[in-house]
Amino acid sequence: MPLVLAAWALLLPACAWSLSVAFINPGKSDEAYWVTVTQAMRAAASKLDIVLEVTYLERDHAKAVDVARDIAARPIQRRPDYVLLGNESGFGAACVRILDGAGVPVLMVFSGISDLSQRKLSGAPREKYKLWLGSLEPRADDAGYVTAKALIEKGRAAGWTAKGESLRMVALSGDKLTPSSLLRAQGMRRAVAEAGDVVLEQEIFSGFDRARAAEQMPWLLQRYPKTRLVWAGNDLMAFGAMDAVRSRNLIPGQDVLFSGINTSPHALDALRSGELSALAGGHFMLGAWALVLVYDHHHGRDFAQTEGLEMVQPMFSLFSPQQAARFSQLYGDGRFDAIDFKRFSKFHNPQLKRYNFEFQQLLGRKG
Amino acid sequence: MQEQAVQSVANKLIKRISVYCVASVLAIGVVEGWYSWRHHSKEFDQGLKLIAESQLPLLAISVWEAEPLVIQRQLVQISQQPAIGYVRLRADIGAVFEVGDTALHDHPNARIFNLAQPYDREISLGTLELAPDPSVLYYEVGRSVVVAMLGYGILCLLIIVLLKREVERPLRQILEYVGASPDRRNSQSLVVARGQDHRKDEIDIVVEGFQSMHKEIDKQMRELDAEVANRTNALQSAMESIQQLSIMDPLTGCYNRRLFNERIMQEAERADRYQRALTLVFADIDFFKRVNDTHGHLVGDQALCHVSTIMRRETRESVDWVVRYGGEEFLLVLPETDQEQAIGTAERVRAAIAAEPLLVRGQTIALSCSFGVAQYQPDESHVAWLERVDKCLYAAKQTGRNRVCAWENRDIQI
């Protein structure tokens, strides 16, 4: 009997018993957000018994095609069961075509194909490319909306609208192309429009880059000296803008209020210290949620029937300082092992009708 | 003839054309430079405007979106246009970006453009100053000036070369011909080398005129030379006959007394010098007066001719000479002949005369001569010598005529 078990153990890695998934990570291997994404995925993979392979594109989005080609060129037994990749800079469709040809199913994550011209070439999931299973995206405008709304409320609370003055706000967006960037800004503008007492002076594009934001912010301060609110499309740009504000002898969180997106440790600390007035995050979990989807798909539970092919799920949560503290306590240093990912799987929970990927639930109680 | 400095028409033309050409080239250069300067300045200005118009919207967006790196990159791109020397952007927030040669920022042709806010053109985001790169302008102007001047310069050079070839050289050849020595000019005709495909022109006509003139002169010279030769020959013979006449006796053809007087001295001198014998024979026709009186003077003349002919016949033709001394007297001068030999000669002559009577109208007239013979004695005057021979003749006459009497007979006294 022990002998049989040993033989089993030896055979295990070679067998196709455990599910294998490859993730093409578009970010840099030392970029906090994308590293966190990977960490969450590894935690989910280990809980779901998935063999996970991660390749970083180091923000060279065109490289995705090469990676897809490499995967397609492997011998069949060494190809992954699923590939997770994004559509950064529009290279997704090309990857799908290659992998579909090689018989590898693809789930698009973080960004799908929404652009009409790309759509013409790629079609809808499971149409032209049968193995393009679908896409999972965070509802990005949520992040922009909730952070802007909270930022405006903080501004009002500071009493800057007491004399009937409007709040002067500038926005630092990522870029003009990435859908998530555009959507976040769109949510921000929705909040501004709803507020009525806020003037969005200008929106600029800092490429999600701290140094660039630090360089650009003085221009905006020069141009709009009455600026009170700075909305940023991610945490790094908020920090860059803070640097510029500090060099003008203004105090972030007091003279000028900032909002950011992403749950980086630095951002969580800044939220607790009050330098950041509003922070939203949680979409770093998307990769892990995608593993749950392919896990269920692999076990015969296709998301198509209940969620549709192109899922845009609410994932962002606005963090209070207390929640930030709890997040650090629970998942600090990328420790996501406490999360029981099987709990979110329809295969393991047949009673589950719809997936819930909101982050709030992970802060509520342990595990 | 007075030498006068001659100026070549062709050289004068060439010099003038050169001067005018240089002046024209300079003038054209100036005009071309001025025009090119204006043209290129305008072009530059339009170029600046065009560049500005194409670049301003992008720049405005970059300024509006606070993108210093992008702005810098765009300015570098603008400054790389060949016409642009310097670019400066002043942003609304006080930042200044400069690219290019900063020494150009006060250039008079620099242009300043307003950067309008992309969404509200009323708001200025700053200014863009573009200064042209003058070196490009200088280069363009210099190039057009050099090309224009080069073109006209080559044209002028061609004209000069053609003038030199077509006018100056043939004229110089004509001039050299005219200025050459008359000998050379007479000996050779004028030849002017012209090009192979050359068509006849005025110079050729002048050359042909020279050539036909030369031919004419040559012909006349030849005729003249022939005429002179003829005349000289005629004169020569005339002179010779005059000479003949002056030394000859016209009736008998013997030498006359004048010649004898002249030449006997030379003969005597020669005899002295070479110690040679020289003998004189004095002959006189006997009873000649009777012949004249009987038969008339004409027959007398015939008798004289008859006697002289025999005398010449019987003496050595080129050595001895026969002189009619006067009336019926003859002298035979016998060089290289001593008295004995002379006696023989005189004897022979006497015998011939005596044997050959004169024939006149079928009638014979017997003639005879008497002879005196005397050899020349060294350092003797010819008068004394003649006297001696005359004495011998007298002796022959006295002793019966038709005989020869020689001097050695010392008995004969005067």
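A residue counts as buried if its relative accessible area is under 20%, as exposed if that area is over 50%, and as partly exposed in between, with a 1.4 Å probe and protein chains only. Thr263(A) has a relative accessible area of 8%, so Thr263(A) is buried. The model is predicted, so local features need pLDDT of at least 70 and side-chain atom pairs count only at pLDDT 80 or more, while totals for chains, interfaces and linings use all residues. Residues are numbered from 1 along each chain as its sequence is written, chains are lettered from A and ligands numbered from 1 in the order in which they are written, and side-chain values use heavy atoms, with hydrogens and water left out.

Chain A comes next. Helices (H or I, at least four residues) and strands (E, at least two) are DSSP runs, numbered from the N terminus. Chain A has 14 helices and twelve strands. Of its 367 residues, 52% count as buried. Contact means heavy atoms within 4.5 Å. Among contacts in chain A between residues at least 6 apart in sequence, 74% join residues at least 24 apart.

Strand β1 of chain A covers residues 19-25, and seven of its seven residues are buried. Leu19(A), Val21(A), Phe23(A) and Asn25(A) point one way from the strand, while Ser20(A), Ala22(A) and Ile24(A) point the other way. Which strands does β1(A) run parallel to? One of them is β2(A), residues 50-56, joined to β1(A) by seven bridges; another is β3(A), residues 82-85, joined by three bridges. Two strands pair if DSSP finds at least two bridges between them. Val21(A) stands opposite Leu52(A) in β2(A). Between β1(A) and β2(A) the chain passes through helix α2(A), residues 32-48, and this β-α-β crossover is right-handed. A crossover is right-handed if, with the strands pointing away from the viewer, the path from the first strand over the helix to the second runs clockwise. In β3(A), the bridge partner of Val21(A) is Tyr82(A).

Aromatic side chains can be followed in both chains. Rings of Phe, Tyr and Trp (its six-membered ring) pair if their centres lie within 6.5 Å; planes under 30 degrees apart count as stacked, over 60 as edge-to-face and the rest as tilted. A search of the whole structure finds 26 aromatic pairs over all chains. In one of these, the ring centres of Phe23(A) and Phe110(A) are 6.4 Å apart and the planes stand at 35°, so the pair is tilted. Phe23(A) lies in strand β1 of chain A and Phe110(A) in the loop between β4 (106-109) and α5 (116-122) of chain A, so the pair ties together parts that are 87 residues apart in sequence. Both Phe23(A) and Phe110(A) are buried.

In chain B, the rings of Trp64(B) and Tyr119(B) have centres 6.3 Å apart and planes at 65°, so this pair is edge-to-face. Trp64(B) is in helix α1 of chain B and Tyr119(B) in the loop between β3 and β4 of chain B, 55 residues apart. Is each of these two residues buried or exposed? Trp64(B) is buried, at 8% relative accessibility, whereas Tyr119(B) is exposed, at 64%.

Returning to chain A, Phe284(A), Phe319(A), Phe327(A), Tyr331(A), Phe336(A) and Phe359(A) form one aromatic cluster. Thr263(A), in the loop between β9 (257-261) and α10 (265-273) of chain A, touches Phe284(A), Phe319(A) and Phe327(A), among other residues.

Chain B also has an open sheet of four strands in the order β2-β1-β4-β3, with antiparallel pairing. Strands β2 (96-100) and β3 (111-117) of chain B stand at the edges, each with a single partner strand, so one side of each is left without a neighbour in the sheet. The twist averages 20° from one strand to the next. Five bridges join β1(B), residues 84-91, to β2(B), and Leu89(B) stands opposite Phe97(B) in β2(B). Helix α1(B), residues 9-64, packs on the sheet, touching β1, β3 and β4 (120-132) of chain B, and its direction makes about 30° with that of β3(B). Axes are lines fitted to C-alpha atoms, for helices over the stretch in contact, and angles run from 0 to 180 degrees between N-to-C directions.

Conventions. Lists of a residue's contacts leave out its neighbours within four places in sequence.
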